[in-house]
Amino acid sequence: MNSVSIAQKPFLAVLAGQTISPAPLWLMRQAGRYLPEYRALRAQSKNFLDFCFRPELAVEATLQPIRRYGLDAAILFSDILTVPWALGQKVEFLEGEGPKLEPLRSARDLDRLELAGMVERLSPVYRTVAGVSAVLPDKTALIGFAGAPWTVAAYMVEGHGSRDFLIAKSFGMAEPAAFRRLLDIVTQATIQHLFAQIEAGAEAVQLFDSWAGVLAETEFRQWVIEPTRVIAAALRARFPAIPLIGFPRGAGGMLASYALETKVGAVGLDTQVPLDWALQVLPRTLPVQGNLDPVALVVGGLALKDGVRRILDRTRGRPLIFNLGHGVPQTTPPEHVAELVRLVREG
Ligand code: CP3
């Protein structure tokens, strides 16, 4: 990143290690069904994947929360499950049911995956990045993203969402060589996908490891830390100025090992992690992001005010990007997001 962008964009300045007041903010799932303009746009597509692959619609979805709230960063509108689709797996989003994938349940099933041509199949996503990049306000940064290998592989094996990803975990433990091969394929796919987003204009990237929290220490090290370390190293080698934010949701006591061993440039804190403890175990210079309970955003009022205050007070003197501990819930009243922005900007 050049120094001009960092000077103009508070989000990038914090990722470069600066402490800024008021803290820059954006929200995971800031584009979504809680916004009436999103629902109207979404109605123009036959299904969610089609929506993700139509740049004119995805650019607009990315920009909607920026126009409405003036957030400090836009996040590419897409989904982590576009990667399994581009590797050749059948992926669908059934209305009201979430994702459904044709599950990979054996070593032989992995033969169906094909890394060659993946980036070409995802070209509409990069056109979206370029389209957003061309029109974004000067002070707003553009974030690209991918699911982390464990989380993406977990959906690929399980075939759908789950509380505990028992099938995926069992497959990984019962067939370690095959699961290793799957993680390697997804790791390489993720590196290529992030590189292509950066080439199209993404100024920072985030890895969503939404299901890191279902793993015990041994698997956390092998399936979360190790692939993330490989991705962080590849990014650093090719794009040393592009920061990587790791979000290992539910990492708990593994948080410090995750941050130190993967060498991500910043860490997303989920809702459950005790904030003072996290700040104590993480290096003082490592930028942190998140931790506000999304329910406080849904409820608004005093719950929101107190939640914001607590985070701002405890992170004083540390590089902070304000965010939630998980995505914006569908039931969020849009005016509560405006109130959150006001509270954070008041400092
Ligand atoms: O943050 C943003 O605004 C950018 C876009 C974005 C989406 N999904 C859009 C989306 C991002 C960064 C994601 C990441 C994602 N997708 C994750 C990791 C973050 C997390 O929430 O833990 C995961 C696990 C997925 C997989 C996924 N996509 C699920 C489980 C679902 C169904 C649940 C639901 O809310 O319907 C989706 C669909 C999805 N992805 C929607 C959006 C706006 C809703 C689809 C719709 O409009 O009908």
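Predicted model: local features only at pLDDT ≥ 70, side-chain atom pairs only at ≥ 80, totals over all residues.

Student: What makes the radius of gyration of the chain agree with a compact globule?

Tutor: Set the two values side by side. A compact globule with 347 residues would have a radius of gyration near 20 Å, and the chain has 19 Å, so the two agree. The C-alpha trace spans about 55 × 45 × 40 Å along its principal axes. Buried residues make up 59% of the chain.

Student: And what is the chain built from?

Tutor: The secondary structure comes to 17 helices and 9 strands. Of the contacts with a separation of 6 or more, 72% are between residues 24 or more positions apart. As for the surface, the chain exposes about 13,800 Å², and carbon and sulfur atoms supply 54% of that.

Student: Let's zoom in on helix H10. How do you know that its buried residues are on the same side?

Tutor: The buried residues of H10, which runs over residues 166–174, are Ala 168, Phe 171 and Gly 172. They cover an arc of only 100° around the axis, and that puts them on the same side of the helix.

Student: Which exposed residues does the face turned away from the buried side carry?

Tutor: That face carries Leu 166 and Ala 174. What covers the buried residues of H10 includes helix H9 (149–158), helix H11 (176–200) and helix H12 (217–238).

Student: On to the ligand. Which residues come nearest?

Tutor: There are 22 residues around the ligand, and Arg 29, Arg 33, Tyr 38, Asp 79 and Ser 210 come nearest.

Student: Now single residues. Why is Thr 262 called buried?

Tutor: Buried means under 20% relative accessible area. Thr 262 has 0% relative accessibility, so it counts as buried. You'll find Thr 262 in helix H13 (residues 255–262).

Student: What does the side chain of Thr 262 reach?

Tutor: It reaches the backbone nitrogen of Val 264 at 3.2 Å. A polar atom of the Thr 262 side chain also lies 2.6 Å from the backbone oxygen of Tyr 258. Leaving aside neighbours within four places in sequence, Thr 262 is in contact with Ile 225, Thr 228, Arg 229, Ala 232 and Ser 257.

Student: And Val 135: why does that one count as exposed?

Tutor: The exposed label needs over 50%. Val 135 has 52% relative accessibility, so it counts as exposed. Val 135 lies in helix H8 (residues 123–135).

Student: Is Glu 120 buried or exposed, then?

Tutor: Glu 120 has a relative accessible area of 55%, so it is exposed. Glu 120 is found in helix H7 (residues 118–121).

Notes
Residues numbered from 1 in each chain as written. Heavy atoms only, no water. Buried < 20%, exposed > 50% of the residue type's maximum accessible area, 1.4 Å probe, protein only. Helix = DSSP H or I, 4+ residues; strand = E, 2+ residues; numbered from the N terminus. Arc of directions from axis to C-beta. Contact = heavy atoms within 4.5 Å. Near = heavy atom within 4 Å. Rg over C-alpha atoms; globule rule 2.2 N^0.38 Å. Areas by Shrake-Rupley, 256 points an atom, 1.4 Å probe, with all protein chains shown as cover. Polar contact = N/O pair within 3.5 Å; in protein donor to acceptor, adjacent residues only side chain to side chain.
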